[in-house]
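Hello,

Here is the structure we talked about, handed over for your notes. My findings follow below it.

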Amino acid sequence: MNLDITDRPVGTTDWAVVPVNLVRDGTGAAVMGKGLARWFALAYPELPMMFGSHLYHAGITEKMSIGGISDAYNKGPRDMPPPIPFCVAKYRVILLPTKHDWRNDASLDLISAQLYGLQAMGIALQKTQPGRILIPRLGCGLGGLSWETVKARCVLAGLDREPFVLCEP
């Protein structure tokens, strides 16, 4: 389906999946680098601090310093936290890690590890806060991955049927 998830009306019942990284800045806020993450950070200024707090409490320790990453996160992709549902300013958002550091390319392994959690979360959300779950081309814009490769992983995880919507270019 051809959708722009940034063009949702206020009060929508749709959930938007937003690709993010796992880095926090010196204030503890998540670094919402570029692309969709940056758009959502500008639209909802409280979002970076909320996600940064989650990363901290989940034990994710990547943190920026003047020279780059000062405290590296050394766990494998399966040790990543599940996608986190946030409802910010009446816009329902699911933040999904696609890269470890905003300056690097997206990680297909990290994305793949997150997709099953997203599938389970989507089913659970339908019971309490139903709505479509709009999935952009995760890791394919600034992340450098091929949409056909990522889309195949989404299909394997069962994200090609309701309530999920794969947003095609």
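What pattern does the protein chain follow, read along the sequence? The pattern is β-α-α-β-β-β-β-α-β-α-β, and the protein chain has four helices and seven strands. Helices (H or I, at least four residues) and strands (E, at least two) are DSSP runs, numbered from the N terminus.

Before the details, some ground rules. This is a predicted model, in which local features need pLDDT of at least 70 and side-chain atom pairs count only at pLDDT 80 or more, while totals for chains, interfaces and linings use all residues. Residues are numbered from 1 along each chain as its sequence is written, and side-chain values use heavy atoms, with hydrogens and water left out.

The whole chain

Of the 169 residues in the protein chain, 48% are buried, where buried means under 20% relative accessible area (1.4 Å probe, protein chains only). Contact means heavy atoms within 4.5 Å. Among contacts in the protein chain with a separation of 6 or more, 69% are between residues 24 or more positions apart.

The cores

A nonpolar core is a set of buried Ala, Val, Leu, Ile, Met, Phe, Trp, Tyr and Cys residues joined through side-chain atoms within 4.5 Å. The largest one has 21 residues, and Val17, Ile94, Leu118, Ile135, Leu138 and Leu159 touch the most other members. At least two residues of this core come from each of β1 (15-20), β5 (91-97), α3 (108-128), β6 (133-135), α4 (147-156) and β7 (164-166). Helix α3 gives the largest share, five residues. Another core, of 19 residues, lies apart from it and includes Ala30, Met32, Ala37 and Tyr44. In soluble globular proteins, nonpolar side chains tend to be buried together.

Two helices

The axes of α3 and α4 are 9 Å apart, and the helices pack at an angle of about 25 degrees. Axes are lines fitted to C-alpha atoms, for helices over the stretch in contact, and angles run from 0 to 180 degrees between N-to-C directions. α3 and α4 are therefore roughly parallel to each other (angles under 35 degrees count as such). On the α3 side, the contact is made by Leu108, Ile111, Ser112, Leu115 and Tyr116; α4 brings Thr149, Val150, Arg153, Cys154 and Leu156.

One residue

Leucine 55 lies in helix α2 (residues 47-57). Is leucine 55 buried or exposed? Leucine 55 counts as buried, because its relative accessibility is 0%. Leaving aside neighbours within four places in sequence, leucine 55 is in contact with Asn21, Leu22, Val23, Arg24, Ala30 and Ile60.

Regards

Terms used. Buried means under 20% relative accessible area, exposed over 50%, partly exposed in between (1.4 Å probe, protein chains only). Angles under 35 degrees count as roughly parallel, over 145 as roughly antiparallel, 65 to 115 as roughly perpendicular and the rest as oblique.
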